[in-house]
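Trainee: I have a new structure open and would like to learn how to read it. Could you take me through some of its details?

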Amino acid sequence: MTPRRAAELTVRGSARRAHEVYHRLPVAARLRLELAAAVRPEALRDQIRYEAAHGEPPVVVDGRRHYAGFPAFRDARLGLPDELFLLREEPVFEAAPPLNPAQQLWRVAVPEQLRRRLRRHPAWRRLANSVSAGRG
């Protein structure tokens, strides 16, 4: 591998890591970075004032996606993408139903490693799966 190729791979890897870190930032921090990068000082000032006055923004639900409801969200003047305000990348699922008494007893009385081993044996698999209902 040539030094030039190694440098290219390093730059690509750094860009990928920077992208991952960027998307782990809170929405407010990403929004401030985008407004600063776009050289929008008035919008950045408004954003900082809003955060100081109101704290957490309301949540805007659009289908299965949740967005931070900052004033800049879907503001045509700024033209910022909705993904910038996205609170969750994964879809929202409803809570699982509570465990019945047999499932609770199974989880408390039988260690997890043993439950896994029992599921591997055909004779016990049906019992293990019916009691645990597919949960650990």
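Here is a friendly conversation about helix packing, salt bridges and backbone angles.

Mentor: Gladly! Keep in mind that this is a predicted model. Ask away.

Trainee: How are helix 2 and helix 3 oriented to each other?

Mentor: Two packed helices are described by the angle and the distance between their axes. Here the axes of helix 2 (residues 27-37) and helix 3 (residues 41-54) come within 9 Å and cross at roughly 160 degrees. Angles over 145 degrees count as roughly antiparallel. Helix 2 and helix 3 are therefore roughly antiparallel.

Trainee: How many residues of the contact between helix 2 and helix 3 are nonpolar?

Mentor: From helix 2 come Ala-28, Leu-31, Arg-32, Leu-35 and Ala-36, and they meet Ala-43, Leu-44, Gln-47, Ile-48 and Glu-51 of helix 3. Sorted by kind, the residues of this contact include one polar and two charged, and the nonpolar ones number seven.

Trainee: In the salt bridge of Asp-75 and Arg-77, which residue is buried?

Mentor: The side chains of Asp-75 and Arg-77 meet at 3.0 Å, N to O. Arg-77 has a relative accessible area of 61%, so Arg-77 is exposed. A residue under 20% counts as buried. At 18%, the buried residue is Asp-75.

Trainee: What separates Arg-116 and Glu-112 along helix 5?

Mentor: Arg-116 forms a salt bridge with Glu-112, their closest N and O atoms being 2.5 Å apart. Both are partly exposed, Arg-116 with a relative accessible area of 44% and Glu-112 with 38%. Because they are four residues apart in helix 5 (residues 112-120), what separates them is about one helical turn.

Trainee: Which residues are linked in a network of salt bridges?

Mentor: The count of salt bridges comes to seven. A network of them links three names: Asp-62, Arg-74 and Asp-82.

Trainee: Where is Arg-74, and what is its phi?

Mentor: Arg-74 sits in the loop between strand 2 and helix 4, and is partly exposed at 45% relative accessibility. Most residues other than glycine have a negative phi. Arg-74 is not a glycine, yet its phi is positive, at about 55 degrees.

Trainee: Is Val-39 buried or exposed?

Mentor: Val-39 is found in the loop between helix 2 and helix 3. Val-39 has a positive phi of about 55 degrees too, although it is not a glycine. Residues over 50% relative accessible area count as exposed. With 64%, Val-39 is therefore exposed.

Definitions and conventions: Residues are numbered from 1 along each chain as its sequence is written. This is a predicted model: local features need pLDDT of at least 70, side-chain atom pairs count only at pLDDT 80 or more; totals for chains, interfaces and linings use all residues. Side-chain values use heavy atoms; hydrogens and water are left out. Axes are lines fitted to C-alpha atoms, for helices over the stretch in contact, and angles run from 0 to 180 degrees between N-to-C directions. Helices (H or I, at least four residues) and strands (E, at least two) are DSSP runs, numbered from the N terminus. Angles under 35 degrees count as roughly parallel, over 145 as roughly antiparallel, 65 to 115 as roughly perpendicular and the rest as oblique. Contact means heavy atoms within 4.5 Å. Ala, Val, Leu, Ile, Met, Phe, Trp, Tyr, Cys and Pro count as nonpolar, Asp, Glu, Lys and Arg as charged, and the others, Gly among them, as polar. A salt bridge is a side-chain nitrogen of Lys or Arg within 4 Å of a carboxyl oxygen of Asp or Glu. Buried means under 20% relative accessible area, exposed over 50%, partly exposed in between (1.4 Å probe, protein chains only).
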